[in-house]
There are 2 protein chains.
Amino acid sequence: MSKYAIGLDFGTNSCRSLIVDIKNGKEISTHVFNYPSGESGVIVDHRDPNLARQNPDDYLVGIEVTIKEAIKKAKSANKKFSPDKIIGIGVDTTGSSPMPVDAEGTPLCFLKKFKKNPAAMVWLWKDHTSYAEAQKITELAAKEHPEYLAKIGGVYSSEWFWSKILHCRKEDAELFNSAYSFVEICDWIPSVLVGNTKPENLKRSICAAGHKAMYNEQWGGLPESNFLEKLSPGISDLRKRINYKAYTSEERAGYLSKEWADKLGLSTEVSIAVGAFDAHMGAVGAGIKEGTLIKILGTSTCDIMISPNNKKLTDIPGVCGIVNESVMKGYFGIEAGQSAVGDIFLWFINNLVPEKYGKTQDEKFLNLEKAASKLKPGETGLMALDWNNGNRTILVDVRLTGLLLGQTLHTQPPEIYRTLIEATAFGALRIIDRIEENGVAIKEVINCGGLAIKSPLIMQIYADVTGRPMKISRSEQTPALGAAIFGAVSAGKEASGFDNVEDAQKVMTVSNKIYKPVQKNYLIYKELYAIYRQLHDNFGTKNSNENMFNVMKDLLNIRDKVRLEK
Amino acid sequence: MSKYAIGLDFGTNSCRSLIVDIKNGKEISTHVFNYPSGESGVIVDHRDPNLARQNPDDYLVGIEVTIKEAIKKAKSANKKFSPDKIIGIGVDTTGSSPMPVDAEGTPLCFLKKFKKNPAAMVWLWKDHTSYAEAQKITELAAKEHPEYLAKIGGVYSSEWFWSKILHCRKEDAELFNSAYSFVEICDWIPSVLVGNTKPENLKRSICAAGHKAMYNEQWGGLPESNFLEKLSPGISDLRKRINYKAYTSEERAGYLSKEWADKLGLSTEVSIAVGAFDAHMGAVGAGIKEGTLIKILGTSTCDIMISPNNKKLTDIPGVCGIVNESVMKGYFGIEAGQSAVGDIFLWFINNLVPEKYGKTQDEKFLNLEKAASKLKPGETGLMALDWNNGNRTILVDVRLTGLLLGQTLHTQPPEIYRTLIEATAFGALRIIDRIEENGVAIKEVINCGGLAIKSPLIMQIYADVTGRPMKISRSEQTPALGAAIFGAVSAGKEASGFDNVEDAQKVMTVSNKIYKPVQKNYLIYKELYAIYRQLHDNFGTKNSNENMFNVMKDLLNIRDKVRLEK
């Protein structure tokens, strides 16, 4: 008899429920809810482009609407389905997206007094108001606790937990003093479903804690009081109230509360898994295992790997985060990424491509894709750096910008488009190299996310540039699928779920398409990658003093050779 | 009583007559004739994009039509005008544009046998079929006669006289053997008007000879027989038949022949000046004098200066040409240039600017101009190299390409447009610096050509980047005006003309607009120019091994500072 699990996926503009058959990973039904608050779910302030908040009430409405509708759709799609066969729910969210709560775990923005105060809401991952605090944290940690930074790529971000808390205190002391604690939404939402939001009782996510709050059991959890006091005297009181033990998402946060069971038409035996971030659960949904790199390709890229935690793993310079069990039990989670991939293509298409190539963004995308597919590697004579939004891995530097070179008076948009794709592929290869240089072998690459599904050109270029097959995950919503897997694992074998993630993945995840590298293309890209490296190292590090006289000539020589052969 | 001179200007697609009042330089009338042959006057071969030829018959028709029509217009515009008051005609043409002629000076393509043979026509300046021969000439000269190259910037071009002759011999030996001599069209057209086209009698232009045929009195005229024999055994026979003495355009080629006087309704007392190239006569029309740099701004740029030939002038590395009296008597002519200026803007506008900015090229140009004018120096955070068509001066390297850096996800077309203008301005400043470093002081800059008149933005940026006032020539057709000046000088004072160019320029040339540098902008551009230099030297020479880590950051810092002040 089939059992089912629900993956609840909370994104930036909407949330989704996905009902999955745990026997085979078949996605029975899904429903999406667009957040009603703010601009597409984001509360903004036109005086301050750095501000991005969210109304947690949108999540509560979203849970109810999407689960009810997904159940309705599942019933009509599948006669065998019934809601009582749902055994678990997993939750993935954006992050770091913390919010201030009172002693009961109620968001402060639910209180009348703070209702309209953006500081009382969820500080969304992409809120950058806390850049000054981030810098302060990085500087102090570099001096006094370099170990705090070693696990997170060397720089503490304005997007992360402590930066936001410090800035909240500075911005609105009254509100800050009314906050009993701060919680990540990936911790809060499961606690709501369980019916126990008291901060002391939260089973917080190791993924959020380790990657964003400098939590590590190696130094006893959160950063030491002394360190926090130096950043903001008096703040260690708060530390006590958020001093938690963190859990992996195989763990059960609890069972569905009576209140929510009634509301959703589910039983109180549904297991609610500890939450985690979307990319990490997405990696599980895409089939991550030792030796497998999961690439989540969207506006930016997130690269996730795991490495067994019974073997020593050295810090990997420039990699955003290495956190024990942040993806699954028994493994270090390794997170890297590129700050802009799809965003670079969108920037180019929306700003620099004439209507000759199409009237809408989609038409332009398709026509450029078509024209660029006809070009051979090296034929453009162009080279780009993929830094329009800085470089997250391996340079960890937001003060880097884009570069395009090789253009003549004949250069056409499809050539530039192809070059930008190649640049992101070279960036991806640089990350692969860095990970492997540090002893983590990559035997397989599985891609998921919009771009991986939409663009055969991108995937073929990635295969040809890296010289590795690019597999594509079957699921188009791997975070929700990953969340459903954790729902089923948290329910446990005794409830017809699974003992562990590996067992669940064996039946629930599939990659169904492979782009194979073409040897001839790979050899040309190898030459081009050397040029990329030369530019990358000379513009992106202080360690290279290379003359560049060869760059334009090498590109022209490769171009001429390729054109001659065509 | 007013006297008049005619400037006859032969361009790539059309020719023009300009009738000028020599008392005050007033342009009484003008008429343009579009060449009927080929594509817009250029005979092309779709199997070989390097080929560009011209039918000399187009010139003959053009002379007749444009002079007659200009006279007609002048009569109706000015009651005092009559054709018998015309005292001289000057001729400027493109170059190097040689053609094979028989012993009478008749173009071989006028003979029935060779009528359709492109090799028998004018080898237009932009014909690049002879690139292999150019390379051979450069290599041999570098080894055996470095002095030949020292005066022409170090590299002999495929666009020039000897390359074309050698290629003609290789391509069509029969035709080559039927050629008694080869003549530049700037030499042939005056000889036609004079009615004496025999090669032995030609007064050839020192401008064409010195800049394109390695002619220099220092080594007795043309390159020595031995040198030519090594390039193409047996060719020194031809050398004898083109072994000429070269003249400046103050000299009279002769008086208008009876045949042409009758045809045009002019007297046989009209003096015909020795011809020269358009840029050189344009410089005279724009008011060149010692210390004045003339910039002719079009699709590419030509920079012309003069330096008194009674003072020693060292070779200036990377400057295209230094030829004694190539511009006017008593001075070395110095020629430099940028291989693409307007062409870079056109490339960008025609390929990378969406219709949002206008439907036509002109609309886009105007709207970008408007939007880019609102930006402050440094505000874009961008930097470009102006090498989309290689670099003529000072790097003399066609194997260089464009570069754009600093782009983010927010970069807009007007920012890139402004950056491309700035890049050409930095390129212009690099040339100014190089000339001044070699002891030729530049006290004044006068601009002419389409871009100088059409774009206040470009001229203001040039003023701000160089920290020098940019003057604009009043005339919109300075080559034709310069030709008219030479017409009047060749007539001489005795015919109510002038004794010399300086006297004619005093009354006939005016600059009527000045763009003054803004000190604040200049200071920011000084910082940006240092970054341009860093990129220029590291990508364009082998002598620089600089790390580039500062480049993107410096640009962002300048941008942030400028935006904060705005």
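Predicted model: local features only at pLDDT ≥ 70, side-chain atom pairs only at ≥ 80, totals over all residues.

Trainee: What makes chain A as compact as a globular protein of its length?

Mentor: Chain A has 20 helices and 23 strands. Its radius of gyration is 24 Å, and the globule rule gives 24 Å for 566 residues, so the chain is as compact as a globular protein of that length. The C-alpha atoms fill a box of roughly 75 × 60 × 50 Å along the principal axes, and of the 566 residues 64% count as buried, a class that requires under 20% relative accessible area. Among contacts between residues at least 6 apart in sequence, 71% join residues at least 24 apart. Chain A exposes about 20,900 Å², of which carbon and sulfur atoms supply 50%.

Trainee: How do you know that the two copies are related as by a two-fold rotation axis?

Mentor: Chain A can be laid on chain B with an RMSD of 0.1 Å by a turn of 180° and a shift of 0.0 Å along the axis. The copies are thus related as by a two-fold rotation axis. Within chain A, the C-alpha nearest that axis belongs to A:Pro354, at 2.0 Å from it.

Trainee: What shows that the copies meet through the same surface?

Mentor: Of the interface residues of chain A, 98% are also interface residues in chain B, so the same surface is used by the copies where they meet.

Trainee: Why are E17 and E23 of chain A said to stand at the edges?

Mentor: Seven strands form an open sheet in chain A, in the order E17-E18-E16-E15-E21-E22-E23, with mixed pairing. Strand E17 (321–324) and strand E23 (511–515) each have a single partner strand, so one side of each is left without a neighbour in the sheet. From one strand to the next, the twist averages 25°.

Trainee: How do you know that E16 and E18 of chain A pair?

Mentor: Two strands count as paired when there are at least two bridges between them, and E16 (residues 301–308) and E18 (residues 331–338) of chain A are joined over eight bridges in the antiparallel sense. A:Thr301, for example, has A:Gln338 as its bridge partner in E18(A). Helix H14 (residues 413–437) of chain A packs on the sheet, where it touches E15, E16 and E18, and its direction makes about 150° with that of E18(A). Helix H11 (residues 278–285) of chain A lies across E15, E16, E18 and E22, running at about 65° to E16(A).

Trainee: Turning to chain B, what makes strand E6 largely enclosed by the rest of the structure?

Mentor: Eight of the eight residues of E6 (residues 86–93) of chain B are buried, so the strand is largely enclosed by the rest of the structure. Seven bridges join E1 (residues 4–10) of chain B to E6(B) in parallel, with B:Tyr4 partnered by B:Ile86 and B:Ile6 opposite B:Ile89. E6(B) also pairs in the parallel sense with E13 (residues 271–273) of chain B over two bridges, where B:Gly88 stands opposite B:Ser271. With E14 (residues 276–277) of chain B, E6(B) again pairs in the parallel sense over two bridges, and B:Thr93 stands opposite B:Phe277.

Trainee: How do you know that both faces of E1(B) are covered?

Mentor: In a regular strand the side chains alternate between the two faces of the sheet. In E1(B), B:Tyr4, B:Ile6, B:Leu8 and B:Phe10 on one side are buried, and so are B:Ala5, B:Gly7 and B:Asp9 on the other. E1(B) pairs in the antiparallel sense with E2 (residues 14–21) of chain B over seven bridges; B:Asp9 stands opposite B:Arg16 there, and a hairpin of three residues joins the two strands.

Trainee: Finally, why is B:Lys115 called exposed?

Mentor: The term requires a relative accessible area over 50%, and B:Lys115 has 54%, so B:Lys115 counts as exposed. B:Lys115 lies in the loop between strand E7 (98–101) and strand E8 (122–123) of chain B. Leaving aside residues up to four places away in sequence, B:Lys115 touches B:Cys109 and B:Met121. Its C-alpha atom and that of B:Ser225, 110 residues apart along the chain, are separated by 31 Å.

Key. Residues numbered from 1 in each chain as written. Chains lettered and ligands numbered in written order. Heavy atoms only, no water. Helix = DSSP H or I, 4+ residues; strand = E, 2+ residues; numbered from the N terminus. Axes fitted to C-alpha atoms, helices over the stretch in contact; angles between N-to-C directions. Contact = heavy atoms within 4.5 Å. Least-squares fit on C-alpha atoms with pLDDT ≥ 70 in both. Rg over C-alpha atoms; globule rule 2.2 N^0.38 Å. Buried < 20%, exposed > 50% of the residue type's maximum accessible area, 1.4 Å probe, protein only. Areas by Shrake-Rupley, 256 points an atom, 1.4 Å probe, with all protein chains shown as cover.
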